[in-house]
Each structure stands twice: as C-alpha cells, then as structure tokens.
Amino acid sequence: RPVRVRAVWPTAEPLGKLAAVIEETEARCPVLNLLLDAKVDLRIEWLRDSGRARETVPRPPARRVICAA
C-alpha cells in the first residue's frame with residue numbers, strides 16, 4: 001500500500017525557490033530516508049498555499065539521497 005503525504009507550505013515564494021527548499025528537506029529528512037530505505041511506496045504531494053490558491057510544486061518521485069561528507 002502506498003503511503004501518501006500532502007505537505008502544504010503557506011508562502012508566496014516563487015515555485016523555483018520553494019522547489020529548492022523542498023529538495024533540501026527531502027535530502028535531510030531522516031524519516032523520509034528511513035521509509036525509502038524500507039522500500040515504502042511513498043507518494044509526496046508538495047503544495048504552495050499563497051493565500052489565493054494552492055499550487056502543486058512539481059517534483060520527481062521521492063528517492064533516497066546519499067549526502068557526501
């Protein structure tokens with residue numbers, strides 16, 4: 001069964017800037033990486049809530065990121 005996550009960010013920042021923050025979040029989140037290591041079918045939907053509308057932030061599927069020391 002897939003695990004679905006919907007993360008809503010209340011911000012008016014441009015989508016490109018928000019995508020960079022999301023990339024760092026995905027790379028550093030220990031819970032996300034534990035789930036991916038366990039081969040969980042994880043589906044994350046990132047949304048920007050600008051106060052006027054909610055927009056999906058385009059992202060590739062979540063994957064394990066190994067950071068070099």
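Reply: From the N terminus on, the protein chain runs β-α-α-β-β, with two helices and three strands. Helices (H or I, at least four residues) and strands (E, at least two) are DSSP runs, numbered from the N terminus. This is a predicted model, in which local features need pLDDT of at least 70 and side-chain atom pairs count only at pLDDT 80 or more, while totals for chains, interfaces and linings use all residues. Residues are numbered from 1 along each chain as its sequence is written, and side-chain values use heavy atoms, leaving out hydrogens and water.

Me: What makes W9 and W46 an aromatic pair, and why is the pair called tilted?

Reply: Rings of Phe, Tyr and Trp (its six-membered ring) pair if their centres lie within 6.5 Å; planes under 30 degrees apart count as stacked, over 60 as edge-to-face and the rest as tilted. The centres of W9 and W46 are 5.9 Å apart and their planes stand at 50 degrees, so the two rings form a pair and that pair is tilted. The structure holds one aromatic pair.

Me: Which parts of the chain does the pair tie together?

Reply: W9 belongs to strand 1 (residues 3–10) and W46 to strand 2 (residues 42–49), so the pair links parts 37 residues apart in sequence.

Me: How do you know whether W46 is buried or exposed?

Reply: Buried means under 20% relative accessible area, exposed over 50% and partly exposed in between (1.4 Å probe, protein chains only). W46 has 8%, and therefore counts as buried. W9, at 24%, is partly exposed. Of the 69 residues of the protein chain, 22% count as buried.
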